[in-house]
Amino acid sequence: MAYVAIADRDHEEEHHDPQTFITKYVWSQDHKVIAIQYGATAIFVGVIALVLSAMMRLQLGFPDTFSFITPENYYQFVTMHGMIMVIYLLTALFLGGFGNYLIPLMVGSRDMVFPYMNMLSFWVYLLSVIILLASFFVPGGATGAGWTLYPPQAIMPGTPGTDWGIILMLASLGVFIVAFTMGGLNYVTTVLQARCRGMTLMRMPLSIWGIFMATILGLLAFPALLVSAIMMLLDKTILTSFFMPAISSMGADPGYTGGSPILFQHLFWFFGHPEVYIVALPAFGIVSDLLSTHARKNIFGYRMMVWAIIAIGGLSFIVWAHHMYVSGMNPYFGFFFATTTLIIAVPTAIKVYNWVLTLWEGNIHLRVPMLFAIGFIFTFIHGGLTGLFLGNVTIDLPLSDTYFVVAHFHMVMGVSPILVVFGAIYHWWPKITGRMYNETLGKWHFWMTFLGTYAIYLPMHYLGFQGVPRRYFAMGDTDFLPASAQDLNAAITMSALFVAATQILFFANVIWSLTRGPKADPNPWDATSLEWQTPDTPPKHGNWGHDLPEVHRWAYDYSVPGYADDFIPQNVPADVAPAGRDHGVEH
Amino acid sequence: MPLAVVLVLLVVGSIVFHLLSPWTFTDLASNWGMVDFTVDITLYVTGFVFVAVNLFMAYSVIKFRHKKGARSTYEPENKKLETWLTALTAVGVAAMLTPGLFVWAKFVEVPEEAHVVEAIGQQWHWTFRYPGDDGKFGEVDAERISGDNPFGMDPDDPNGQDDVLVYGAEAHIPVDKPVKFLLRSKDVLHNFTVAQFRVKMDLVPGMQTFLWLTPTKTGRFEVLCEEHCGMAHYTMRGAVVVDELDDYTAWLDEWPTYAELNATPAGDAVAGAAQYAVCASCHGQQGEGVAALNAPKIAGQDAWYLKRQLLNYQNGSRGTHEDDVYGRQMVPMSMTLANEGAIDNVVAHIQTFPDTKPASTIEGDVANGERLYAVCAYCHGKNGEGIQAMNAPRTASMTDWYIERQLQNFKDGIRGSHLKDYYGFQMRFMANTLHDEQAIKDLVAYINTL
């Protein structure tokens, strides 16, 4: 049989329509249903992690007040909060959620190329979440080793949760990585193989570029975490000594010899630093599309943006030891890793300039997604700039392991990506559900989240300058700290509780929209990219009806001169209108 | 419009907060002013970018907000502008990186004239070792660590014989002399940080790490562990005391060398009997404790703990708080023991007493007590047996009213507030996890069941 290009194989798909409720909504192989399953699960665990952070803040703001927070509990909350937020919320939501939903729709494909594996990916992810949450209920409770799980402490009796908690944590990570790999191979293959006719790589929306690159990073980085989890599991269960030197633990000799705790840190951060960009690159991509659409203007410097995503992705693999300047590794590494780390600031800064320049001479509609996108630029500038302190090896000496670090990474990979997550949910909500959200509730949600989080994290940097260490259950009498440091901590806690509480507005909006939201227009934002051009809203199984779309231009033909509408969808033929950047740049 | 105004206000507010914040770097007490200088340069460069980009964004949001009939300008790229911005950013990055690498080069090269102090971390204490007159440390080995040899010294290594072993959380160093801290951990990762010195480094079991500095101010500076090391990480405190040279030498001379420690004879229980006569009048003939005289049971208590408390009474780190009524009575009693040998003897004598469980006098919610005891068990043992390596005494089968009173004393700062009572200082943190009198009673009721 002659080879038929995937873009031309449209008729085959129609025989695979799901027939029953179970195959349609539970064991579904439809990327859109899987995306919603991924997204809902991730947001569910995210809420748990949010509650954990509120408990931590209660203790830090008002120490010795709440008898349900012991030092053991506190370290368990810290650990689970961090791990859930980074892996089980952000990674799963950006790639499993948005990646799943957007890739086939934005590249003009009927589904992922391996739908069955895509379905397995979600169910295995759910299993990893169940294993993780189960660790709260085993003897000794969840692990309190900190999300970095540094040995020897993570598996030695001085830390909470070394009976079963750490074993379940490592097992859950292993299962998660299996799930991610099945999903990730799908995303990469779909982008490379299943784009519709005319969708060249350099015509893809930046959302897809960000998700695509992040997935590649994940496929290369997660194996490092997997091997370190397996090795630590062996150290814990059958007393191998991969990461364990000879030690004397609480007066006893546990019987280890010859291993290296620093080896674990290298493996962990070889995964851990790219992980930052696994979260950040999809956010970069998505925010570019939100800005462009709602400013009715092409993204500024598209090609530069694509190359910056690729450059950042590549560089992210040679900066990992900037997390380890004061770890006791060979100090001469500091020269190399400080240099690479500060170099990565250049492509990152270019992205920021281009976002801001996209607003310049635009026609800015301050709808809810746009508010979140602009809020993101502000918080990301802040978080990015404080990274220049910590990445510069010398400044890491006073600031490492202090609240400056906590404030920095929450600004850059907590608040910033979450603002994009919300912006993206509001942006694509009409397409996903076919209904509009409540604009007023959405705006309140933005303002309280944006201002509230800044009130948490701006002052927190100054606790770090002062020398307040992270991961302290209580400061007690520390002679170099003024009493006002505790007052500041109390104020930060109040802001944190406020922000946590206002997330109810988001859920209220979801319920409002699903019950009484007005029916959405198929393309309410007059956007150019393909997902807004589907024949049905929400798109049906197979996405495109009988014929696959054909792409004739890039995704950013907004306000093209000489054309009446201020947008030209990607699938509008070139002879109907001026054809964007491929031909029309030198106007 | 509100968005643009808020963006401007946030920029202005951030600057005002920065300028007015009372929370800033502690006063520098070392040679590492260059670190602060690098921080300053970075603050200026990043501060400029923060203000410029955000104000530009706010201006754009105002000027180009949607108006009826407005249209964007179609401008996919501007090569010249992009090149300029890239080049300027690169210059800014270089301006920050260059001093950073320059200072780091100084940090990794320790001056040859630096003297060496070893800081040893364990869950959750600091101890220190000085190399002695020969300037060389003896070999140590984690597998040799025991109650009698907490440093894990090699008894056959001639270099180790004159090593000065400081079993306490305070190290002294002379002012204006460069010092290299060699860092070693017995168990898990720790981190040696003195905020006023600006430098820090992890302690890694199985290897030695280091940092160096020249202290420029005399005084007592707190050492914090800043690498998560388990449940009581936040209580792992110590101090570096920067002295004038003479004071430093005098302090160091007070500590024994390894050879001197080994030459100390064990306590003589028979000789201790005579000295115990004084103790017996309150603590009872068999050390069983007499509640009416507020004297706890001491029979069956760990010898190293009894010795430490007697020394604490003698050196003023216990029994000097004005509200410590019964502790103050112990001070003159402890003074009847003329020297360390006498203490060893009387402690040896106490070890010969029969150990019988005293009657319980405190009732409480045992189940709640068991929950609360989970934290205590890390150091005092699951069965309250006491763990010498954790510097935590036995709690099981001791007088319950005494434990209750001491927990209250720790909570109130009556005990453990003296700077030299390192382990009492930690107990204050732990006692603070018991929020009221009932919690203490519940806990003690549970300990009675052990």
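**Exercise 1.** Which residues in H8(A) and H9(A) meet?

Solution. Some conventions come first. The model is predicted, with local features needing pLDDT of at least 70 and side-chain atom pairs counting only at pLDDT 80 or more, while totals for chains, interfaces and linings use all residues. Residues are numbered from 1 along each chain as its sequence is written, and chains are lettered from A and ligands numbered from 1 in the order in which they are written. Helices (H or I, at least four residues) and strands (E, at least two) are DSSP runs, numbered from the N terminus.

Step 1. Two residues are in contact if their C-beta atoms, placed from the backbone, lie within 7 Å. On the H8(A) side the residues are A:Tyr277, A:Leu281, A:Phe284, A:Gly285 and A:Ser288. They meet A:Met305, A:Ile309, A:Ile312 and A:Gly313 in H9(A).

Step 2. Sort these residues by class. Ala, Val, Leu, Ile, Met, Phe, Trp, Tyr, Cys and Pro count as nonpolar, Asp, Glu, Lys and Arg as charged, and the others, Gly among them, as polar. The contact of H8(A) with H9(A) has six nonpolar, three polar and no charged residues.

Step 3. Axes are lines fitted to C-alpha atoms, for helices over the stretch in contact, and angles run from 0 to 180 degrees between N-to-C directions. The axes of H8(A) and helix H9 (residues 302-315) of chain A are 11 Å apart, at an angle of about 175 degrees. Angles under 35 degrees count as roughly parallel, over 145 as roughly antiparallel, 65 to 115 as roughly perpendicular and the rest as oblique. H8(A) and H9(A) are therefore roughly antiparallel.

**Exercise 2.** Describe how H8(A) packs against H14(A).

Solution. Step 1. Helix H8 (residues 261-294) and helix H14 (residues 403-433) of chain A have axes that come within 9 Å and cross at roughly 45 degrees. The two helices are therefore oblique to each other.

Step 1. A crossing is left-handed if the near helix is turned anticlockwise from the far one by less than a right angle, and right-handed if clockwise. H8(A) and H14(A) cross in the left-handed sense.

Step 2. H8(A) contributes residues including A:Val276, A:Ala280 and A:Val287, and H14(A) contributes residues including A:Met413, A:Pro417 and A:Ala424. By class, this contact has 11 nonpolar, three polar and no charged residues.

**Exercise 3.** How many residues does each chain give to the contact between chain A and chain B?

Solution. Step 1. Chain A gives 103 residues and chain B gives 93 residues. On the chain A side, helix H12 (residues 368-391) supplies the largest share, nine residues. That side divides into 62 nonpolar, 29 polar and 12 charged residues.

Step 1. Look at a helix pair made of both chains. Helix H11 (residues 345-359) of chain A and helix H3 (residues 79-108) of chain B pack at about 135 degrees, with their axes 10 Å apart. This angle makes H11(A) oblique to H3(B), and the crossing is right-handed.

Step 2. A:Ala345, A:Val346, A:Ala349, A:Ile350 and A:Tyr353 meet B:Leu85, B:Thr86, B:Thr89, B:Ala90 and B:Val93. The class count is eight nonpolar, two polar and no charged residues.

**Exercise 4.** Locate the cis peptide bonds that join A:Pro151 to A:Pro152 and A:Thr537 to A:Pro538.

Solution. Step 1. For A:Pro151 and A:Pro152, omega is about 5 degrees. A:Pro152 lies in the loop between helix H5 (115-134) and helix H6 (165-193) of chain A.

Step 1. For A:Thr537 and A:Pro538, omega is about -5 degrees. A:Pro538 lies in the loop between helix H17 (504-516) and helix H18 (581-584) of chain A.
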